[in-house]
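Dear colleague,

I am writing to hand over the structure shown below. A summary of the findings follows it, and I would be grateful if you could read the two side by side.

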Amino acid sequence: MALRPLLLPFLMSMAFVSAACCFANSISTSFPSVFAFGASMIDSGQNSVAMPLRSGAEFYPYGLDYFGKPVGRWSNGRTFFDLITEDIGYGLLDPYLKSINGNFTYGVNFASSGSTATNTSASGDKSGGLFCLLVQVDQFKEFQTSTLSIQQEHAASFYVGHQAKLKMAEHFSESIYFFEAGSNDYSIYGFTTDDYDTSASVNTTIAYMKIAFEALYTVGARIFIVMNVVPLGCAPGILADNRGNGTYDAYGCRADFNDLADLHNNRLAELLEDLRADYPEAQWILFDAHSIYMDAVRNPSNYGVKYPLQACCGAGGPYNCRTEVSCADNPKYVNGTYLQWTTCDDPSLYIVWDTIHPVESFGYYLAQGVLTGSHLTPSFDILEAVQSIKTAVSSSDKAYQGEQ
């Protein structure tokens, strides 16, 4: 049953309030937090908490190769973002709406599967696209406001509370803000009409991303890591689709969708350059995931990949991906043919698990692009940044305690 338009915002606002009450005092200022925004490539279960049993990632065979069960992640195991936070010693970040046994010590994951950078809303009985980027930003602002308020309310005196609030505000400025946004604006809505305007679509998407970045900057964010869009035309879900003009490049990828991704990525790089000029106090870092993915398509053996354009989990066809029956969907007859998904024997031989989401083994290479800094522009050492802030905070704490 579809949610009435007026009911969804109410349910969302109630979730904000209940979640904030439960987790606002669990964040630690001993090390920089990581706050994540985006869609299904890094969603850690936000949509499955918001609308249980409506996300394909909540069903077999998702998650089985690492967690042993589905956990709301669109992968056979961990996402590449999970691998990043694990490597810096933070473990797996819980989704914002997880108010029961949620652990927000090291940060919060606001990413929502199916979300877009532009403003869209969920429809029908599926959980995709629940929280677009600007809603995620508003969720963060609610989290931040509640956290700062609790610092003061729970203090023994006004002075102590004021100092604690200032320290927490400084913590938000020293934390890392990671973005994986934009892909769904094109993979879902690209070339849906004959007169689809690629330039206008990209301009709109980039404009909304700029609004989101500036909103977070206004409330104190200073370290931004922004992922670009992977080569959509090489994803099995796009290759199996009949949208666009049907042109292909030398590697068998859809040229029209790849050109669209390239246009977005060029505009995104320009946006970050503009933001560096307008807000030099912040770090605006581009994560070039596109080049890692594209290199794997062109040189699959370098990544242990044998089937760069096929999905590991799917219902057959040249890309083992059928739009009628996706991974974890119920089987059905289509034009007299019984379609049922199966999984590959060795996911490490693939880039993609289902339609576009990386298998865990390929996620390792994406994660390394961030952890080693090899695909970050300008240069940024996330491990060193975390350690240096931890050291500075520790010294500050000792100095403050000595004054007491």
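Predicted model: local features only at pLDDT ≥ 70, side-chain atom pairs only at ≥ 80, totals over all residues.

**Findings**

Helix 10 (residues 289–298) is mostly covered, with seven of its 10 residues buried. The buried residues of helix 10 are Ala289, His290, Ile292, Tyr293, Met294, Ala296 and Val297. Here, buried means under 20% relative accessible area, exposed means over 50%, and partly exposed lies in between (1.4 Å probe, protein chains only). Helices (H or I, at least four residues) and strands (E, at least two) are DSSP runs, numbered from the N terminus.

Residues are numbered from 1 along each chain as its sequence is written, and side-chain values use heavy atoms, with hydrogens and water left out.

**Strand 5 and its partners**

Strand 5 (residues 283–287) is also mostly covered, since four of its five residues are buried. Two strands are taken to pair if DSSP finds at least two bridges between them. Strand 4 (residues 223–227) runs parallel to strand 5, and five bridges join them. In this pairing, Met227 stands opposite Phe287 of strand 5. Strand 5 is also joined to strand 12 (residues 376–377), here by two bridges and in an antiparallel arrangement. Leu286 stands opposite Thr377 in strand 12.

**Disulfides**

How many disulfides does a search of the whole structure find? There are three, a disulfide being a pair of cysteine sulfur atoms within 2.5 Å.

Another disulfide connects Cys312 and Cys344, at 2.0 Å from S to S. Distant parts of the chain, 32 residues apart, are linked by this pair: Cys312 is in the loop between strand 6 (307–311) and strand 7 (313–314), and Cys344 is in the loop between strand 10 (342–343) and strand 11 (350–352). Because the torsion about the S-S bond of Cys312 and Cys344 is about -85°, the disulfide is left-handed. Cys312 counts as buried at 1% relative accessibility, and Cys344 counts as buried at 15%.

The remaining disulfide joins Cys313 to Cys327 (S to S 2.0 Å). Cys313 lies in strand 7 and Cys327 in the loop between strand 7 and strand 8 (332–334), so the pair ties together parts that are 14 residues apart in sequence. With 90° about the S-S bond, the link of Cys313 and Cys327 is right-handed. Both Cys313 and Cys327 are buried.

When the bonded cysteines of the chain are numbered in sequence order, the pairing reads 1-2, 3-6, 4-5. Cys321, by contrast, is in no disulfide, and the nearest cysteine sulfur, that of Cys313, is 9.5 Å away. Cys321 is buried, with a relative accessible area of 9%. Cys132 is buried as well, with a relative accessible area of 2%.

With kind regards
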